[in-house]
Amino acid sequence: MKKTAVCIIIILCVFYVSCESLFERAGKNRTFEQTYGANVNASSSSQRRSSNSASQSSNNNTNSRAAQDTANWNIAALDTAANVSYLTNIEKDVILETNMVRTNPRKYAELYLQPRLKYFNGRNYSVPGQITIATKEGASAVSSCITALNRASAVGVLTPESGLSRAAKDHVTDQSRTGQTGHNGSNRSTPESRIKQHGTFGRSYTFGENIAYGDTTGRDIVCSLLIDDGVPGRGHRTNIMNGAFTQTGVAFGTHKQYRTSCTITYANGYTSK
């Protein structure tokens, strides 16, 4: 009998803020924008654990990274976290995948999103040999993402920043312990407070945060956030393709309910402590 796992997307906040210093805001109206969301790609824990255990073990191995598509990408230029010691392999893969789609969104859609369409049967996404996932929108969310990326302009690569990763790690560690979801910590921390705990901003700055639950590879994490199934406004995709961001931090860990979580922070004008 074919097993079916349910993919749940919970809208809990994509966090994005653009701020100016008090000096620059003097005599001006302060512009403040924030949208919220977190991506959950989760199902029966036992089913997901057995179907993905091999890829998860491979990606988290300290001696290996996910296979890199050197035939289509200039990995040396895009893998900005390659030599960073404080990131795990899957965390480095998230930054690489993010830089791939940012610098050539059309190519990324063609190579990694277009092939997904053939695995849909209605709203069910079924790859041979893997657990079937019941999505909210079906293939239309993937098609919408492909269209958006085909129209998107390329933006610059993100470079890793240790303070941003420490802020992300704080949140992943907290949610691993509590099983909570969303952007506020059990100690009432926010993306802003966590980021500022580990660094400082200049006069003009911007920052944001994405969270994905349930995925076990860098590519799946980034693709889930890009597709944004069931999320009005596609705020996760907006954060990934936001040209104002130049820095990033990533933390990947366990989660009581969804098995894994990945918090990704973004910023510009940030200096780690």
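Author: Let's begin with a term: a nonpolar core is a set of buried Ala, Val, Leu, Ile, Met, Phe, Trp, Tyr and Cys residues joined through side-chain atoms within 4.5 Å, and buried means under 20% relative accessible area (1.4 Å probe, protein chains only). This is a predicted model, where local features need pLDDT of at least 70 and side-chain atom pairs count only at pLDDT 80 or more, while totals for chains, interfaces and linings use all residues. Residues are numbered from 1 along each chain as its sequence is written, and side-chain values use heavy atoms, with hydrogens and water left out.

Now the core itself. The largest one has 42 residues, and Tyr108, Leu113, Leu149, Ile221, Leu226, Ile240 and Ile264 touch the most other members. Among the elements giving two or more residues to this core are helix 5 and helix 6 (helices are DSSP runs of H or I, at least four residues, numbered from the N terminus).

The axes of helix 5 (residues 105-113) and helix 6 (residues 139-151) come within 7 Å and cross at roughly 155° (axes are lines fitted to C-alpha atoms over the stretch in contact, with angles from 0 to 180 degrees between N-to-C directions). That makes the two helices roughly antiparallel, a label for angles over 145 degrees. Pro105, Arg106, Ala109 and Leu113 of helix 5 meet Val142, Cys145, Ile146, Leu149 and Asn150 of helix 6, where contact means heavy atoms within 4.5 Å.

Zoom in on Leu149: leaving out residues up to four places away in sequence, Leu149 touches Val101, Pro105, Arg106, Ala109, Leu113, Leu226 and Met241.

How values were computed: Parallel < 35°, antiparallel > 145°, perpendicular 65-115°, else oblique. Buried < 20%, exposed > 50% of the residue type's maximum accessible area, 1.4 Å probe, protein only.
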